[in-house]
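Thank you all for coming.

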Amino acid sequence: MRVLVLSAAALLASAMSAVAAPASVTVSVAPELQKTFDKTYGVREAERLTSDLQTTVEKTLARTGAHEGARIELTLTDAKPNRPTFKQLSDKPGLSLQSFGVGGAAIRGKIVAADGTEKSLSYRWYETDIREASYNWIWSDAEWTFDRFARKLARDATVLAER
C-alpha cells in the first residue's frame, strides 16, 4: 500500500511539472541602441548584453516558477557602460580601462500569458553616484539592472507595468 501511495504521488508530481512549462524569454536590441553598438560600443557588446539579460531572466523565473507558460518579449532600449568597451578603447587611444563613469540600462517589453493576455513592461535603472562606479567592470550597472528587473518580474509583473 505504501509503495502504491508513493508511486501515485510521484506520478502526480511529474504530471504537474509537465503541465507547467517555464516562461520563454526573447531579447532584442532597439534599432537606435543597435546603431550605438555598431558605431560606439561594438557589436560583440550587444550580443553579450542580450544574452546576459535573457539568461538572467530565464534563471530567475525558473527558480521561482513565476510566469510559467508565458512568453516574455524584451527589448533592450538603452545601455551605458561603466568603463570603456574594447571598441571604444581601440577607437580612442587616450582612453584606459581605468576610466570609469556611471552606467545602467533600460528595458521595455511585454508578457504574453498562456491564456493570451498581454501586459506591458518597462524598467530602467542608472547609477547616480560616481563613487560607486570606480570598482565596477564594463557593464556592471547594466548587469545590476538586469538582476533587479528579473527579481521584480519574478515577484510581480504589475510592479513593472507601464503607467
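Over which residues does pLDDT stay under 50, with zero contacts beyond four places in sequence? That stretch is residues 1-12, where pLDDT is the predictor's confidence in each residue, from 0 to 100, and contact means heavy atoms within 4.5 Å. Residues 14-18 also have a pLDDT below 50, and they too have zero contacts in the model beyond near neighbours in sequence. Where pLDDT is low, the predicted coordinates should not be read in detail. For the chain, the mean pLDDT is 86, and 83% of the residues reach 70 or more.

Some ground rules before we go on. This is a predicted model, in which local features need pLDDT of at least 70 and side-chain atom pairs count only at pLDDT 80 or more, while totals for chains, interfaces and linings use all residues. Residues are numbered from 1 along each chain as its sequence is written, and side-chain values use heavy atoms, with hydrogens and water left out.

Let me turn to the strands, which, like the helices, are DSSP runs numbered from the N terminus (helices are H or I with at least four residues, strands E with at least two). Strand S3, residues 104-112, and strand S4, residues 118-126, run antiparallel and are joined by nine bridges; two strands count as paired if DSSP finds at least two bridges between them. They form a hairpin with five residues between them, and in that turn glycine 116 has a positive phi of about 95°. Within this pairing, alanine 105 stands opposite tryptophan 125 of S4.

Those two residues return when we look at threonine 145, which sits in helix H6, residues 140-155. Leaving aside residues up to four places away in sequence, threonine 145 touches Gly104, Ala105, Tyr123 and Trp125. Is threonine 145 buried or exposed? Its relative accessibility is 0%, so threonine 145 counts as buried, given that buried means under 20% relative accessible area, exposed over 50%, and partly exposed in between, with a 1.4 Å probe and protein chains only.

Finally, a residue in a loop: histidine 67 lies between H3 and strand S2, the latter spanning 71-80. Although histidine 67 is not a glycine, it has a positive phi of about 55°. With a relative accessible area of 23%, histidine 67 is partly exposed.
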